[in-house]
Every structure is written in C-alpha cells, then in structure tokens.
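Have the sequence and the 3D view handy.

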Amino acid sequence: MIHQPASSFYEAQTGEFILEVDELLKLRKSLTRVYVQKTGKPL
C-alpha cells in the first residue's frame, strides 16, 4: 500500500519526540529545584 512507508516514518518521529519531551521534563525539574533553592520558597 502507498500509506505503509509514511506510517513507519511517523513512528520514528514519535520515538524521537518522546525522547525530547522526556529531556525537557528533566530540565524543567532541574530548573525548578534551582529556583526553590535560590528563593527559599516551597515548591
């Protein structure tokens, strides 16, 4: 079928997107911890 190659291409993009989102969430947690430490305010 014509659509099969396109679906495998999107699956690869989805995997990369999930990895990027995971990295962004880790970065957000790190930045939040730094702000909490520097300001002394609760999370």
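How many residues apart are Glu23 and Lys26 in helix 1? They are three residues apart, which means about one helical turn separates them. Helices here are DSSP runs of H or I with at least four residues, numbered from the N terminus.

A quick note on the source: this is a predicted model, where local features need pLDDT of at least 70 and side-chain atom pairs count only at pLDDT 80 or more, while totals for chains, interfaces and linings use all residues. Residues are numbered from 1 along each chain as its sequence is written, and side-chain values use heavy atoms, leaving out hydrogens and water.

Side chains of opposite charge can pair when their charged atoms come close. A salt bridge means a side-chain nitrogen of Lys or Arg within 4 Å of a carboxyl oxygen of Asp or Glu. The count by this rule is two:

| Salt bridge | N to O distance |
|---|---|
| Lys26 and Asp22 | 3.7 Å |
| Glu23 and Lys26 | 3.9 Å |

Together, Asp22, Glu23 and Lys26 are linked in a network of salt bridges. Lys26 and Asp22 sit four residues apart in helix 1, again about one turn.

Lys26 has 44% relative accessibility, so it counts as partly exposed. Asp22 is partly exposed at 37%, and Glu23 is partly exposed at 49%.

Leu25 also belongs to helix 1, which covers residues 4–39. At 45% relative accessibility, Leu25 is partly exposed.

How values were computed. Helices (H or I, at least four residues) and strands (E, at least two) are DSSP runs, numbered from the N terminus. Buried means under 20% relative accessible area, exposed over 50%, partly exposed in between (1.4 Å probe, protein chains only).
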